[in-house]
Amino acid sequence: MVSYVIRRLLQAALVMLVVAFVSFSLFRFAGDPVNNMVGQEATQEDRRELRERLGLNDPFPVQFGRFVVDALQGEFGISYRLQRPVEDLIAERMPATLELVLVSAVLALITGIPLGVYCGIHRDSWVSRALLTVSLIGVSLPTFVIGILLIYLFSVQMLVLPSFGRGEVVQIGWWSTGFLTFSGWQALILPSITLSLFQLTLIMRLVRSEMLEVMRTDYIKFARARGLSNRAINFGHALKNTLVPVITIVGLNIGSLIAFSIITETVFNWPGMGLLFIKAVQFADVPIMAAYLTMVAFVFVSINLLVDLLYYAIDPRLKVDRGTAAGRLS
Amino acid sequence: MADAHTSAPGLLDPLRRFLDGDVWASFKRSPVTVGAAAVTLLYFLAAAFGPWVAPHDPFDLAKLDLLDSLIPPAWMADGDPRFLLGTDDQGRDMLSAIIYGSRVSLLIGFASVLLSMVLGIALGLLSGFVGGAVDAFIMRMAEIQLSFPAILVALLINGVVIGYFKTHPEWQVDQVTLAYVVLVLSIGLSNWVQYARTVRGSTLVERGKEYVQAAHVIGIHPAKIMLRHILPNVMGPVLVIATIQLALAVIAEATLSFLGVGVPPTEPSLGTLIRVGNDYLFSGEWWITIFPGAALAILVLAVNLLGDWLRDALNPKLR
């Protein structure tokens, strides 16, 4: 157990190091930071001095080491475009994105699981066929098209929901939350539906196929033979055994929700990190790109690690077969 | 030995089986697939012959008339029979713009699928054939890249390439070409992993087979064995992946263009059309954004259905 945890931790650290290296290389590829910091009229002497002061003349490993040390302390430099420390900008935008992601994940779970269970139990009913067809169409519709359709229906035609922004927010310390106001919740509805739809179809299909699998097993047949009620069989026995893969997928997808929130935030002008990142890409604002990448990677790696360790805790079989446990990530 | 030499079985096998009747029969049996194939073909033809089939040339500024701007679709009260799907703010015929847009979208889609396919096959072959440290390195890279959503990787590459060309003005590329290059690079480079993994898997299987050992024994150069002997035999699944990836590439292109880091509005793709049209949604001109959106969704759905069917028909084990 201990050796496994240590190995996974080392693996995670290695991935983070690679990501940090990629982020760091961004600075080299996407232009000279000095050019981005000084004006047109700066002399060669100024530039040279600035280069020296920023440590850009140091050997590559020294610069990379400094980048990693700074990144560990949450410092990523000054945004070229906004001329403010990147960590402040990200901290400002983070609550908006995380609230959106949280609501979307919950939404996807509380609708996806029941629909999946239904489709798994009544596999041949027309409702579940219809649901599956709709979910295929849902997968084919790009996120932003869904968002636009929702805006058109609910904001332009029916005039019932706002189409952009977060509504009124309440500041609690450095965290700004939209959960405490009515307009905040209103503003959350459309973006969170948009963001959750893809995950919803994913969860629904996953639960459905897992249910179909479980329903075939002997212990379900035995439970039926014992005369247990359908309800007890479906939810008490079958669903319980489908939840481990569901939890894994949902956990791993929290990361992609953060990444996909870039699109949703653009459609709904949601003032989160995704919007910040996309502006940074448009203007090649490298410090923000590097910080965002590192941060998202950190979230990904932590969740991956957590899910792996949870798996290990949940499923006792893995403790015997250590090889499978380590190989699961691949 | 002679068998492996004379033909490219991997490439021709699906075709032969197709003509044998099994696959063709399953194609004919599934009306959904026939429909999807018809729709896809229609898009391809419209894209290939865009300038000849489009009712108007949406980029010929001389022919645009501002009096024709913002006309609703032909069947609505203020519609104009000349413009079946209405016009945008500059008087461009939406149907023609969509045809030209599909052309751009599909072009970028094909180019980036080609790029990721070539890259993925090369790395997969190398990985499976050489093995050892090379294999470990390539597969580790694949794992790391795979743990991030493709769209994020694409955005990142996009930002880097934009930054690179900004600071290297000596390349002298115009806006539109640059946008194409950026898109193809970012979508292509973010999707090679699937191919590499599949090709590596089949290469590992093929490597142990007798014809490869025989080729080794008679002293054929390893590079030649890799390309001439193994490659044709691992192509089957690649074609299936490529079909599904085409749909994903078209979505990725549209998404990037919608996010404003793709094709510029002067020569719009479907994603750019949706983005531009989005601004008119609130003033009630829904057709400027909804029609390109529908065109995109239908194209992607058709290609997806085709890919699903192809996967089941060619290789049930891929599921």
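## A helix crossing in chain B

In chain B, helix 6 (residues 94-130) and helix 10 (residues 192-207) have axes that come within 7 Å and cross at roughly 35 degrees. Axes are lines fitted to C-alpha atoms over the stretch in contact, with angles from 0 to 180 degrees between N-to-C directions; helices are DSSP runs (H or I, at least four residues) numbered from the N terminus. The crossing of helix 6 and helix 10 of chain B is right-handed, that is, the near helix is turned clockwise from the far one by less than a right angle. Their contact comprises 13 nonpolar, six polar and two charged residues. Nonpolar here covers Ala, Val, Leu, Ile, Met, Phe, Trp, Tyr, Cys and Pro, charged covers Asp, Glu, Lys and Arg, and polar the others, Gly among them.

## Basis of the model

The model is predicted: local features need pLDDT of at least 70 and side-chain atom pairs pLDDT 80 or more, while totals for chains, interfaces and linings use all residues. Residues are numbered from 1 along each chain as its sequence is written, chains are lettered from A and ligands numbered from 1 in written order, and side-chain values use heavy atoms, without hydrogens and water.

## Helix 4 of chain A

Helix 4 of chain A (residues 60-72) has 13 residues, which at 1.5 Å a residue should span 18 Å, in agreement with the 18 Å between its end C-alpha atoms; the expected span is 1.5 Å times one less than the number of residues. Its buried residues (under 20% relative accessible area, 1.4 Å probe, protein chains only) are A:Gln63, A:Phe64, A:Phe67 and A:Ala71. These residues lie on the same side of helix 4 of chain A because they cover an arc of only 100 degrees around the axis, taken from the directions from the helix axis to the C-beta atoms. On the other side, A:Pro61 and A:Leu72 are exposed, meaning over 50%.

How values were computed. Helices (H or I, at least four residues) and strands (E, at least two) are DSSP runs, numbered from the N terminus.
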